Amino acid sequence: MAVSIKSKREIELMREAGKILAEVHNILRDFVKPGISTLEIDKKGEEIIRKHKCIPSFLNYDGYPGSICCSVNDQVVHGIPNRNTILKSGDIISLDAGVIYEGYHSDAARTWPVGEISTEAEQLIRVTRESFFEALKVCRAGHHLNEIGATVEDYITGYGYSAVRDLVGHGIGTSLHEDPQICNFRQAIRGIRLQPGMTLAVEPMINMGRSEVRWCDDDWTVVTADGSLSAHYENTILITEDEPEILSLIQ
């Protein structure tokens, strides 16, 4: 496994990519409302990305047809934007987006409520986000990679939730997906030691029900096997000599 260590210049470029991506998500958060289609969300997201002279990371990636992955309710990830999926009050939607800035990627996801949602759905969104920040506490030089997934799983199982096991986080840089893979569940081995200069996309994908998922006929959209709701929260982070730095979140 070859995990790249970023130079100061590379880190600055990834910081800029992350700031732009954070703005994309902040604008889309206010754009999400009942009555709009996921295609409209996709077009809005791409417009913002290109306004910043960036390229959408996901568009045409292995043939993916959109710029923003729009996953509604039981869709875990990779939902394809389309004009026929109209959001309604009570839905939740996970938006996964990436940008390329001067050759460097940033990747982040958020799950948002659509109108008024149930208290159960609110809790799922909140706990998924909290599990990321719990995991962030072990994203420090000298800690082991698989402490991240163990921390996520330990946190969410207390609520009766399950971490998706068939999809993982990843390293990121000049490629959208680099080594290492970052699981969201406990493993038997500790994994590599984290080092300053590593850039990682940490992304809890949490199901209200069982962990099992299945792929739809479009070969992209992943849904929960039991039809339960799923939430997704992701940021690109930098391992430093001290506390980790979140590159894709405007504090």
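Tutor: Let us begin with Ser-230, which counts as buried because its relative accessible area is 1%. Buried means under 20% relative accessible area, exposed over 50%, and partly exposed in between, with a 1.4 Å probe and protein chains only. Please note that this is a predicted model, in which local features need pLDDT of at least 70 and side-chain atom pairs count only at pLDDT 80 or more, while totals for chains, interfaces and linings use all residues. Residues are numbered from 1 along each chain as its sequence is written, and side-chain values use heavy atoms, with hydrogens and water left out.

Student: In which strand does Ser-230 lie?

Tutor: Ser-230 belongs to strand β13, residues 230-232. Helices (H or I, at least four residues) and strands (E, at least two) are DSSP runs, numbered from the N terminus.

Student: Which side chain forms a polar contact with that of Ser-230?

Tutor: A polar contact is a pair of N or O atoms within 3.5 Å; within protein, one must be able to donate a hydrogen and the other to accept it, and residues adjacent in sequence count only if both atoms are side-chain atoms. Here the side chain of Asn-207 is joined to that of Ser-230 at 2.8 Å. The Ser-230 side chain also reaches the backbone oxygen of Ile-206 at 3.3 Å. Contact in general means heavy atoms within 4.5 Å. Leaving aside neighbours within four places in sequence, Ser-230 has contacts that include Asp-74, Val-76, Leu-124 and Thr-224.

Student: In what order do the strands β3, β12 and β11 form their sheet?

Tutor: Two strands pair if DSSP finds at least two bridges between them. The order is β3-β12-β11, an open sheet of 3 strands with antiparallel pairing. Its edge strands, β3 (75-77) and β11 (213-215), each pair on one side only. Between β11 and β12 (residues 222-224) there are 3 bridges, and Arg-214 has Val-223 in β12 as its bridge partner.

Student: How should I read the two faces of a strand?

Tutor: In a regular strand the side chains alternate between the two faces of the sheet. In β9, both faces are covered: Thr-199 and Ala-201 are buried on one side, and Leu-200 and Val-202 are buried on the other. Strand β9 runs antiparallel to β7 (residues 169-171), with 2 bridges, and antiparallel to β14 (residues 235-238), with 4 bridges. Leu-200 in β9 stands opposite Gly-171, while Ala-201 has Thr-236 in β14 as its bridge partner.

Student: Which residues of helix α4 are buried?

Tutor: In α4 (residues 147-157), they are Ile-148, Gly-149, Ala-150, Thr-151, Val-152, Glu-153 and Ile-156. These buried residues pack against α3 (119-136), β6 (162-163), β8 (178-182), β9 (199-202) and β10 (205-207).

Student: Is Ile-11 buried or exposed?

Tutor: Ile-11 counts as buried, because its relative accessibility is 12%. This residue is in helix α1 (residues 8-31). Not counting residues up to four places away in sequence, Ile-11 touches Lys-6 and Leu-238.

Student: What do the totals for the protein show?

Tutor: The protein has 4 helices and 15 strands, and buried residues make up 55% of its 251 residues. Of the contacts with a separation of 6 or more, 71% are between residues 24 or more positions apart.
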